Amino acid sequence: MRKALTIILLLPAAAAAELRLEGLGEDLARNVRAYVELAEEPCDAEPWRVRRRFREAPKQAREALEPLGYYDPIITPELSFDAGCWNAILRIDPGQPVLVRNVDVSVTGPGADDPEFRSVLAAGKPVAGSPLRHRVYDSLKENLQITAIERGYVDAEFSAARIDVWPEEQSADITLNYASGPRYEFGEIRQEQAFLNPALVAAYIDLEPGQPYDGKAVAKAYRDLANSGYFGRIDVSPDYAAAADRRIPVVITLEPAARIEYTVGAGFATDTGPRLRAGLRNRRVNMRGHRLNAELRLSEVQSGIAAEYRIPLKNPRTEWMTYTAAVDVEDTDTFASDSLRVGFKRSRQLTRGWLRTLSADVNYDRFTVGEVRDNSLLFMPAITLDKKKADADLYPTRGWRLGVTLRGTDEALGSTTSFVQLLGHLRWLRQLSTDSTVLFRTQIGITEKDEIAELPPSVRFFAGGDDSIRGYGYQTLGPTDADGNVIGGSNLLVASLEYEHRIRGNLFGAVFVDAGNAFDTIDVDPAIGTGIGIKWRSPVGPVRFYLAHPVNQIDRSVRIHISVGGQL
């Protein structure tokens, strides 16, 4: 083995063909090498073929330098053959670059006042005195044509488009005059579909006959239709061939997405244990676009069935009405509750990304908390504002989410008790580097109520668990009764700070500290949990595994927390 290796090392290195360029900077050399065909010939190419390519090389090098403004290079070529292989040298003095002398660039006609054309000219117009770059001229020319198509200037054409180069004077004159012609309008907006009410489809489209044509509006119509979830195939096409009287018709061809969708899932979380889920989704109950969603959830701690019937309103992109019904059974270490809820909510997307939801629910709860068994009936109006801003949905590098809810009821509405409650949550995430991220979250809750014992567990506050204070059991923290049973509080304050760092690939390590509690009085006794974790960025979302222990509790044994879901 050693002898064979010695022989291999003593063998001469395999010969390789080479085209060497001398006298050029990196950008010029890269362009010349891309143009000169000799560079592509292998070492064992026929000598006659290499010589022919070599004779063409100076001409090709000149052609490669001209788009970069060098029109008078001095090129000295050299070719040799050695051991059956060729080597070539092009010694190039590119000379002085040609400079732009006169610039005559304009848009004439109705498009002269169009801000889109003005923007293109401002960004791409060549500057007198700068080195001549053909790609600047070509890019400006192309962008003017693209803008004309997007803005409906169907008859636009160049009345003059040329570069005059004077090599002996090392100068060039650029002339680019674009006659826009009239701007066309939208013509007939024609739908080709028979499964949804045409008025519903039209509500997703901001295109009206007689409006000035705008390609961005056409693209937006496509995006809005795609985001609706009704369609499996979408084609929004301006029909230029059918344009007449300066109007461009638009043909919208739609095919339906699958009407019924069934889902089945299984998972595990420390708070709930093993869990199963089955769902049904009807995307189109009728031609008016009504939707029905139903879901069954089963776990050791929380089980239930819920249904939503959603109706699009005047602007289906931003407004909808939802009727809800649900039955829930919850049995934690601190309470047991059976509840029935029916209600409705009206949601509207506001400006700047805020989602506003007005709702009213009728809740019937039968519950046991500590030694108290009771039932309640609440008619509970609420208003919720929620906003999420992030640079990605699944794994953002920066973003935040803020939600605020005001809800309450009064005995005058037929409820068994009266209260007002404010809830809020904030999640904030920022990537510090490609390998590290910091996350912060907080939850607050404030209740205006004299006697908390009259409230069902669904509107009391508890702390502890995967998404609260890790190191403690699910909803095991809060005020206690005389026998030491946790009965929940009227207020809540929880905060968490977490740092994660990449271990390898999609595997991250994490350290965290959580603090807070549910409480009734200002004298808060915060519970603190801290620990370490492992996160896997799976294709469907982050999977988290934490080891946490309570800091200020007699039993400081480690608790495992496992959860799946987005970070915002």
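Which elements are included in what covers the buried residues of α5? Keep that in mind while starting with the whole chain, which is a predicted model in which local features need pLDDT of at least 70 and side-chain atom pairs count only at pLDDT 80 or more, whereas totals for chains, interfaces and linings use all residues. Residues are numbered from 1 along each chain as its sequence is written, and side-chain values use heavy atoms, with hydrogens and water left out.

**Whole chain**

Select everything and colour by secondary structure: the protein has seven helices and 25 strands, taken as DSSP runs numbered from the N terminus (H or I, at least four residues, for helices; E, at least two, for strands). Its radius of gyration is 35 Å, well over the 24 Å that the globule rule gives for 568 residues, so the protein is more spread out than a compact globule; that radius is taken over C-alpha atoms, and the rule is 2.2 Å times the number of residues to the power 0.38. Along the principal axes, the C-alpha atoms fill a box of roughly 100 × 85 × 45 Å. Of the 568 residues, 40% count as buried, where buried means under 20% relative accessible area, exposed over 50%, and partly exposed in between (1.4 Å probe, protein chains only).

**Helix α5**

Next select residues 134–151, the 18 residues of helix α5, which should span 26 Å at 1.5 Å a residue, and whose end C-alpha atoms are 26 Å apart, in agreement; the expected span is 1.5 Å times one less than the number of residues. Show the side chains of His134, Tyr137, Leu140, Leu144, Thr147, Ala148 and Arg151, which are the buried residues of α5. What covers them includes β4 (99–108), α4 (115–124), β5 (157–166) and β6 (171–179). Just after the helix, Gly152 takes a positive phi of about 85 degrees.

Move to Arg352, in the loop between β15 (335–349) and β16 (355–369), where the residue has a positive phi of about 65 degrees although it is not a glycine. Arg352 is exposed, with a relative accessible area of 72%.

Then select Gln475, in the loop between β20 (436–448) and β21 (491–504); Gln475 also is not a glycine, yet has a positive phi of about 55 degrees. Gln475 is buried, with a relative accessible area of 18%.

Finish at Ile522, in the loop between β22 (507–519) and β23 (527–538), which is exposed at a relative accessible area of 81%.

How values were computed: Contact = heavy atoms within 4.5 Å.
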